[in-house]
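Hello,

Here is the structure for you to look over. My notes follow below it.

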Amino acid sequence: MRSALRAVRHASRQPASRAAAALLCLATPVTLQAQATPANPFTAVSRWTPPALPAGKKPITQDTYDEWRTISGASLSNDGKWVAYTVSPVVGEGNLVVRATSGGAEYAGIARGFTGRPQLQPSADSAAQFSAAPAQFTADSRFVVFTVYASRADVERARARRGSPAPRNGMGIVNVADGNVTRVANVRSFRLARNGGRYLAFQLEDTAAARPAGGANGVAAAAAQGPAPAVPAGPRRDYGTTLVLRELATGTDVRIDGVTNYAFDENEQWLGYTVTTRDGTNNGAFVRNLNTGAVTTLLAGSATYRGFTFDRAGKQVAFVSDVNDSTPRPRFSVYHAALVPAKGKPVAARRLVAPADAPAGLLVADRGQVGFTREGNALIFSFANVPADSIPADSLVDKAVYDLWHWQDAQIMTQQKVTANRDRNRTYTALYTFAANKWTQLTNDSLRVTIGNDGKRILALNSLQYAIPQFWGEGATDVYLIDPLTGARTLVAKQLDGQAQLSPGGNYVTWFENGQWVAYATATGRKVVLTDKLPVKFQDEEFDSPDVPPPYGLGGWTEGDKRVLVYDRFDVWEIDPSGVAAARNLTDGEGRRAGMTFRVIDLDRDDPFLDAKTPLLLRAVDTLSKASGFWRDRIGVDAAPEKVVMADRNFAGLQKARNAEQYLLTQSTYHEFPDLWTGTSIASTTKISNANPQGAEYPRGSVELVSWLNGDGIPLRGLLYKPENFDASKQYPMIVYFYEKLTDGLHNYQAPSGRNTVNPLVYNSLGYVVFMPDIVYTDGQPGPSAAKSIIPGVQSLIQKGFVDPKRIGITGQSWGGYQSAYLITVTNMFAAAVPNATVVNMTSAYGGIRWQSGLARTFQYEHTQSRIGGSLWQYPERYVENSPLFRLDRVTTPVLFMANDNDGAVPWYQGIEFYVAMRRLQKEAYMVVYNGDEHNPTKRANQKDIDKKMQEFFAVKLQGAEAPSWMVRGIPFLEKGRDQVKMSTPPARATTPAGTSGGK
């Protein structure tokens, strides 16, 4: 296969053939498969019987989806001797597994509760999508600590009792020496120190029932006594609960009541915590010396304490508090304490920034960032706006309520609404420099900053003045350096198209400009173009949108910012950012010669620099075969990269034990689930998990790369998925699914699943061949580009003889939905189409809103995915010619499509335009609207429903199956939901719509 792929690469350099260019004439429909619209759409295709299941295999159903398991949160112990991970079904109870990396020791089946939770309410918010927290090893590798969630039965029981509180979580502790599991109920959170391993701290839930004393009689008695005396107005406090400090080896506990915040320092010298109790007992901020048990009061008093944090060395602590302010709206101060004070000085917190120190209109943010710079020589904190008085809820009853859309607003009103909560709680970064005993406000409404590790270099980016042109995709950024002591700004670069970055050592600012990498020395202000003398391009060579091609990126910096690693399409370059030493191709050009992409793998995320004294690890991907693997090279050494491992599979998730030469990764192919593999060498690993042994019970076909020439003679590739026991002498129905380029997924494992996209494993099991073609684009011609790529690809497969030309379906989601809708206007080769979440009218979509972000859609037509390349007034004909709506009178293909009424990306009115046009033209069409759901359905039931409807629709149109009721008679509004719930009395049968069959 690889030699054939090399031939494709060679062919890509050849002139386009006239024969290939003549494959299409897009002015009229392609007539490969002419079909008149049948009077009875449900009998258009003769019945086709899918091949029998392979011997001993079970059919894949929607119930199969739910039992498939995933592996999450996999991690190595610091000593490399153990791996912990969670195995969860899509729906159901999950288990923690703790497995030795050598030998067969394994503690499996450690219950974690209901970790495979389906989403029951539609929401694009990631907080609505449940994800089990990873288990954590102690630093000494002796214990594993994990959250225990409620059981599925308890969760569903609480859900059934509306208004009842959700079941509480617990905590589990695994002793890796013997597998013994200790469980603790009602645990809110837990913490472990990064270094050490002696202690575990965990905070308990407040389990006290909030009910009046004395029960119902107590309530009656209180009412008889009349109203309670007025309580003086005061601040609202966050009251704490019990914190437990456990010595893991002995099980000895120390309990501390009323704790609101707590943290270990990295080296497990200190436990810091704050206390706020209802009765004011022992309120304050404290540190406990974990060697002696001595507790030191940093600050005392009834207050709210937040942001408690240590520096990396464990020598100082900071937090914010409103101590001694008892007003209804108390103001916070920033406090700092040196834990190793000068001789004769006590350990106590001192106030660095008082409320009166805040700039006009601002106050110290109680929920903003509090943290030390990496070097510990400065403290980062935040200011916030003084809260504005809220408008009383009933004050606008008789007033005009409106939005004003101003033409020079930095953000249009829909964006302002989306970001309102963030803007309302906006904070502004400030830096307190200890050596100068001075703080400086760094950010405002227009500046974003990156603070160097030592707090001496601050990079600031300002895009506000370019906000209006950003509306249509032409924004820019001004770059500054800020003096941390004075706040003075120095302009570094003006009107950059991309983003600038501060090097880890703070010595350089780098950015990409005019196709080249540029470095600016922060000490001298000298600007050097780094890549203009090199013989390759550093911007995306395959970029096919009407915008500036982005760079391939940077791979990292060596100690002291001496060298920066820069990517071209294939290789890695080692460059002196000062511009003195000549650049060298670190990978020796091997990537470009072999057609492999090399990228740096940094396994030590704690070190901001790459170690030039040790071998550099690279991940490699063959751009044609999609084989992947790992290679080694050396920074500063003239030598070719050395292959470690390379195979026709997808290696991913590589990690290394912190204190040992032990590696963990996943390997997958289309047939092999990405189970965990481990070893002392990346080249020699052993499989240690088997998450889905049931996979062997179900049919699984094959996937291969196929090649053809598009209408312009450009070589293209696609993925072809064939059913198990595929017989090339037979003709199969085929589903064509695409987006832009999907061939990078050649070695991706496919679990059986279903939603508004095509799962090739599932459709193969139903008897279909599945084809996923890549697409290349020409600016201004997104629709014709898709047609010139996809139609010849389909024709090339028909010519092979195993695809039935009368049984081809097409489907796509979002951008793929648009292309599907366009294709059925220029060809009748498809017997069924499912263009989900599609735009059909670019003229109206251009002025639409992406409701999830609040952004207007103009930018994507002028500069990004929709690829028109200009405004509606520059290229009106392009907008019309690429809009399926204006060609729907030519369509003979029946369509089913989804257009959800809370779609945050494509206005669902596009679906209405599609439906109205098809209805007016009396073309067969079915629109499904999942109420309140998103661009891609998030509610599990909606995902499974659209999956089912797509399967049924294709079965009718491509296999001659009997039509389901929703296709025959629809679902009248008064019967809405009855197909989802068993009703005691069936609804009356509605009159069959004219021109359709009543079914059998």
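First, a term: pLDDT is the predictor's confidence in each residue, on a scale from 0 to 100. This is a predicted model, where local features need pLDDT of at least 70, side-chain atom pairs count only at pLDDT 80 or more, and totals for chains, interfaces and linings use all residues. Residues are numbered from 1 along each chain as its sequence is written, and side-chain values use heavy atoms, with hydrogens and water left out.

The protein averages a pLDDT of 91, and 91% of the residues score at least 70. Residues 209-232 fall below 50. Beyond near neighbours in sequence, that stretch has two contacts in the model (heavy atoms within 4.5 Å). Residues 994-1000 are also below 50, with 14 contacts beyond near neighbours. Where pLDDT is low, the predicted coordinates should not be read in detail.

Now strand β3, residues 92-100. Strands here are DSSP runs of E, at least two residues, numbered from the N terminus. Seven of the nine residues of β3 are buried, so the strand is largely enclosed by the rest of the structure. Buried means under 20% relative accessible area (1.4 Å probe, protein chains only).

β3 has pairing partners on record here: strands pair if DSSP finds at least two bridges between them.

- β2 (residues 82-89) pairs with β3 in the antiparallel sense over six bridges. V83 stands opposite R99 in β3. A two-residue hairpin joins β2 to β3.
- β4 (residues 106-116) pairs with β3, antiparallel, over six bridges. A111 in β4 is the bridge partner of N95. The β3-β4 hairpin has five residues between the strands, and G103 there takes a positive phi near 80°.

Best regards

How values were computed: Buried < 20%, exposed > 50% of the residue type's maximum accessible area, 1.4 Å probe, protein only. Helix = DSSP H or I, 4+ residues; strand = E, 2+ residues; numbered from the N terminus.
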